[in-house]
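Let's take a walk through a protein together. Have the sequence and the 3D view ready, and follow along.

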Amino acid sequence: MVTPATKKTTSTRQRRERLSREELRELLLATGEEILRNEGMAAGVGSLTFKRAFEWIEEHRDLRFTNASVIGRIWSGLDEYRADVLALVADDFASGEIDAVAESLAPYFEAVDLTDPASRLATIRQLCRAGAAAALLPLDDGDAWVPWLGVLLAHCFDGQQPGMDRLGEAIRRSVSISNSSWEVVYTEVCQAVGWRFRPPLTASQFVRLVGALADGFVRANSVVEPGPMITLATGEDGANEEWHNFAVAFEALTFAFFEPDPDWTPPV
């Protein structure tokens, strides 16, 4: 006779055995990332253990695993597991920013008169105002930036621990992919309204400075109450508009790096 307890144990064992080694690895990585996002990283990654991950999986997936399922089969130990979870966070960093910015900019391209230099300049300013604010929002709420900060701190202070070399690789890969994407975005947006980088300044330099600027604003806002919006007469016919502090600084960088392209002609 099969008791309810035996039935549950048999069911759990069968479901566990259906997970391949790679499936279990992906489940534990996703679980570790979820734990760090939900519980924060104020204490670094010290709260992330195999025991905590197994408890989370049992609670949310009704699956049971032990150290024997993982150590020596997937990771050599806890340090390598933590490093791979942090690497996953690094790979996911900033994935939503570009989509948010693109969505916020679309209406301004519809209104620009490409034959009028003043209209193109006004559009550049509006792109700065709307795009910078949209780019900062995913970071300002902490959901993306706080885990990313934890990744950087872990690499700075625990970079010599076992397995942390893969974290360094993930950070460099993530930053490189993100920066390359932003370089394309900034270049294409300005080309669309007849602007270019001021020689000899480059897209790579601009992206690095914008990234540093955004990080500084988010850090400042995490310890000091954000300043009020700034009112500027940048609207239609000089109407007042509200600007995020970051957008004002972003616009200053934009005008330092970009200029009207003298060789550009509006599309027919």
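This is a predicted model: local features need pLDDT of at least 70, side-chain atom pairs count only at pLDDT 80 or more; totals for chains, interfaces and linings use all residues.

Residues are numbered from 1 along each chain as its sequence is written, and side-chain values use heavy atoms, leaving out hydrogens and water.

Start at Ser69, which sits in the loop between α3 (50-61) and α4 (78-92). Helices here are DSSP runs of H or I with at least four residues, numbered from the N terminus. Ser69 counts as buried because its relative accessibility is 13%, and buried means under 20% relative accessible area (1.4 Å probe, protein chains only). Leaving aside residues up to four places away in sequence, Ser69 touches Leu24 and Ile74; a contact means heavy atoms within 4.5 Å.

Now hop to Ala170, in helix α8 (residues 164-192). Ala170 is buried too, with a relative accessible area of 1%. Look for Asp84 as well: Ala170 and Asp84 are 86 residues apart in sequence, and their C-alpha atoms are 8.9 Å apart in space.

Last stop: the second largest pocket. A pocket is an open set of points on a 1 Å grid over the protein atoms alone, where a 1.4 Å probe fits, with protein on both sides within 12 Å along at least five of seven lines; lining residues have an atom within 4 Å of a point. Which helix gives the most to the lining of this pocket? That's α6, with four residues. Both α5 (97-111) and α6 (117-140) supply at least two lining residues each. Among the lining residues are Tyr108, Gln126 and Glu241.

Conventions
Buried means under 20% relative accessible area, exposed over 50%, partly exposed in between (1.4 Å probe, protein chains only).
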